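Dear colleague,

Please find below the sequence and the structure that I am handing over to you. My notes on what was found follow directly after them.

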Protein chains: 2
Amino acid sequence: MHRRFVLARRPDGLPQVDDFRLESVPLPTLPAGGLLVRNRFVSVDPGTRGRLGDRETYAQPLALGEVIQAATVGTVEASEHPKFKAGDWVAAAFGWQEWAASDGRGIRVVPDNGLAPSTAIGVLGIPGLTAYFGMLDIGAPQPGETVLVTSAAGAVGSAAGQIAMIRGARVVGVAGGPAKCAWLTGTLGFAGAIDHRAVSDMTAAVAAACPEGVDVLFDNVGNAMIDSVLPLMKRGGRIVVCGQMADYNRPAEQAPGLRNTRAFIGQRLTMRGLVAFDHVRQYPQAWADLTGWIRAGRLKYREDVVEGFEHLPQAFIGLFTGDNFGRRLVHLR
Amino acid sequence: MHRRFVLARRPDGLPQVDDFRLESVPLPTLPAGGLLVRNRFVSVDPGTRGRLGDRETYAQPLALGEVIQAATVGTVEASEHPKFKAGDWVAAAFGWQEWAASDGRGIRVVPDNGLAPSTAIGVLGIPGLTAYFGMLDIGAPQPGETVLVTSAAGAVGSAAGQIAMIRGARVVGVAGGPAKCAWLTGTLGFAGAIDHRAVSDMTAAVAAACPEGVDVLFDNVGNAMIDSVLPLMKRGGRIVVCGQMADYNRPAEQAPGLRNTRAFIGQRLTMRGLVAFDHVRQYPQAWADLTGWIRAGRLKYREDVVEGFEHLPQAFIGLFTGDNFGRRLVHLR
């Protein structure tokens, strides 16, 4: 037998532990020509929230009773597949379950790059790739420009900010609490950090931290945050809509509105939404760059590992209150 | 003596006639090496509203007592300037006044292209150029795509829609009233037209007129309109923020908000603001294309000419209630 979490009911607002049901089901059997994987790390991602509702976002909604989908890293326990052998670490999307059987599609052997296998679904997984393509393709920071990153101590934001620094930009981050802010300016070398929990007027706080204005806003928070920064955007500024953490838990009609949109004409702004999957053909280049920067000490990352499969729902819910500090993964013992 | 209108007070909301003051001042004298122009057509533009307030938009606010700025077409009455001779038609930005003196900078002789000189500040002026660059550079419609244009019977919208048709797109327009809608589908050949005055649910109306969704939204109206269309935007869609007619007369904090922004990630949307002046080096190509399309009968335009200098304020105010039908100019008798 092994365990899995399925969608028990669709969350109303902030997800609750009872929205997920823990099931014990028979271990999968090895499919002919396929492989059997034991998950070791399972991710929790804010973007998953969109799939728990009944409206289509950039992915189909999950069905009730379906295993919660998520990125995973695990070990091959048995294989008849020529590309995989027992003992290999593999990155996949097996979701919130302890074991999985597969025909091998959509699975990737974690390369031996000297980094922990968990990084395959962190700084080298969708979070790192999202930061990479969002910052380089849409943000496109130039040397000396000012880049503001929100949820900057998170997996995506911290990578995005450092990539902007590698491109020569001056980077300021928004994060929750003094520890995260100290990490941004101390360990990562951001030019500034804004603790959103200590700020009542975000526009004023950003103006103080970015006295020349903002060339690139890389946003993971949502409408209220973007609206606060719009009046400070510089001529030709770019807004990367990467995540909308603060808006995922409410229907669109209850979301705060973007009102300061006259800046779009006045400052010739561009705002663009991003999904890393669209860039799958450029993943090899991105992996090469990200790995190189990590090895050179120019790209640092944090993993926030929660121990124990049974804590998956709470680990996920905690994302929305900012409990995590870095890429949050659940380690299956 | 000649007449001019100056800013008497900053409008609160919809401009009033009393916000403008009619002055009689001495005729300007011919500057050494310069020229003297008698304005024949003066434009009224919604975008001027932004300059009547005290906040900077994409242009500096006008000072109280300053002549209202606007595009003009006039005749050279006297010239010591080698580029201009008496009798030439010239396009300039002399504003709401009957005569002007100039050193020649920023003035352009209206070419003899077989079109009425007034077109130099209409379909061949900033409205036509705005449509051209906004549609081709930002909207970039592809054959078979669906393009929705708002304020579609206006100077910018009607040109933008026809340019999209020339590029092979299916074009639907939003306009106010049955006469404008009939002109869009009848004379211009739009695939559909939505009378916004007859519609209570804009999203439903657009969905009915664009059953496959919208690839390009070319918007002249503002936040409420964009928000209505966001849920219908197709994957990779582009939103051209060309004008915000409905929002110019209120402070940003009172504007309707864009709430349906989750479509930015879900559908990988791009929204960009536009000012034609940024493309000044490409004007010659744009003029050549626009003129060619007009001569070929592929680009039609309407001018809505108000007779009499003294009617300038009312002609301007009427733009915000949709009084005009086509490019509105005031003809100075």
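The buried residues of helix α9 of chain A are A:Leu312, A:Pro313, A:Ala315, A:Phe316, A:Ile317, A:Gly318 and A:Leu319. Please bear in mind throughout that this is a predicted model. The helix spans residues 312-319 and is mostly covered, with 7 of its 8 residues buried. The elements that cover these buried residues include β1, β2, β3 (35-43), α1 (49-52), β14 (303-307) and β15 (327-331) of chain A.

Helix α2 of chain A

In α2(A), 12 of the 14 residues are buried, so this helix is largely enclosed by the rest of the structure.

The axes of α2 (residues 126-139) and α3 (residues 155-166) of chain A come within 8 Å and cross at roughly 40°. The crossing of α2(A) past α3(A) is right-handed. On the α2(A) side, the contact is made by A:Pro127, A:Thr130, A:Ala131, A:Tyr132, A:Met135 and A:Leu136; on the α3(A) side, by A:Ala155, A:Val156, A:Ala159, A:Ala160, A:Ile163 and A:Ala164. By class, these residues comprise 11 nonpolar, 1 polar and no charged. An α-helix has 3.6 residues a turn, so residues three or four places apart point the same way.

The residue that follows α2(A) is A:Ala140, which has a positive phi near 45°. This is a positive value in a residue other than glycine. A:Ala140 lies in the loop between α2 and β8 (146-150) of chain A, and counts as partly exposed at 27% relative accessibility. A:Ser151 also deserves a mention: its phi is positive, about 50°, although A:Ser151 is not a glycine. A:Ser151 is placed in the loop between β8 and α3 of chain A, and its relative accessibility of 27% makes it partly exposed.

Helix α2 of chain B

In chain B, helix α2 (residues 126-139) and helix α3 (residues 155-166) have axes that come within 8 Å and cross at roughly 40°. That makes α2(B) oblique to α3(B), and the crossing is right-handed. The residues in contact are B:Pro127, B:Thr130, B:Ala131, B:Tyr132, B:Met135 and B:Leu136 of α2(B), together with B:Ala155, B:Val156, B:Ala159, B:Ala160, B:Ile163 and B:Ala164 of α3(B). They divide into 11 nonpolar, 1 polar and no charged residues.

α2(B) also packs with helix α8 (residues 283-295) of chain B, at an angle of about 100° and with the axes 10 Å apart. That makes α2(B) roughly perpendicular to α8(B). Here B:Ile126, B:Gly128, B:Leu129, B:Tyr132, B:Phe133 and B:Leu136 of α2(B) meet B:Tyr283, B:Gln285, B:Ala286, B:Trp287, B:Asp289, B:Leu290 and B:Trp293 of α8(B). This contact has 10 nonpolar, 2 polar and 1 charged residues.

Two buried residues of chain A

A:Asp19 sits in the loop between β1 (2-7) and β2 (20-25) of chain A. Its relative accessibility is 1%, so A:Asp19 counts as buried. The side chain of A:Asp19 makes a polar contact of 2.5 Å with the side chain of A:Arg9, and it reaches the backbone nitrogen of A:Gln16 at 2.7 Å. Apart from neighbours within four places in sequence, A:Asp19 is in contact with A:Val6, A:Leu7, A:Ala8, A:Arg9 and A:Pro11.

A:Ile194 belongs to strand β10 (residues 192-195) of chain A and is buried, with a relative accessible area of 5%. Leaving aside neighbours within four places in sequence, its contacts are A:Val172, A:Gly173, A:Val174, A:Ala175, A:Cys181, A:Val199, A:Met202, A:Ala205, A:Val206 and A:Ala209. The C-alpha atoms of A:Ile194 and A:Val240 are separated by 19 Å, and the two residues are 46 apart along the chain.

Yours sincerely

Key. Residues are numbered from 1 along each chain as its sequence is written. Chains are lettered from A and ligands numbered from 1 in the order in which they are written. This is a predicted model: local features need pLDDT of at least 70, side-chain atom pairs count only at pLDDT 80 or more; totals for chains, interfaces and linings use all residues. Side-chain values use heavy atoms; hydrogens and water are left out. Axes are lines fitted to C-alpha atoms, for helices over the stretch in contact, and angles run from 0 to 180 degrees between N-to-C directions. Helices (H or I, at least four residues) and strands (E, at least two) are DSSP runs, numbered from the N terminus. A crossing is left-handed if the near helix is turned anticlockwise from the far one by less than a right angle, and right-handed if clockwise. Contact means heavy atoms within 4.5 Å. Ala, Val, Leu, Ile, Met, Phe, Trp, Tyr, Cys and Pro count as nonpolar, Asp, Glu, Lys and Arg as charged, and the others, Gly among them, as polar. Buried means under 20% relative accessible area, exposed over 50%, partly exposed in between (1.4 Å probe, protein chains only). A polar contact is a pair of N or O atoms within 3.5 Å; within protein, one must be able to donate a hydrogen and the other to accept it, and residues adjacent in sequence count only if both atoms are side-chain atoms. Angles under 35 degrees count as roughly parallel, over 145 as roughly antiparallel, 65 to 115 as roughly perpendicular and the rest as oblique.
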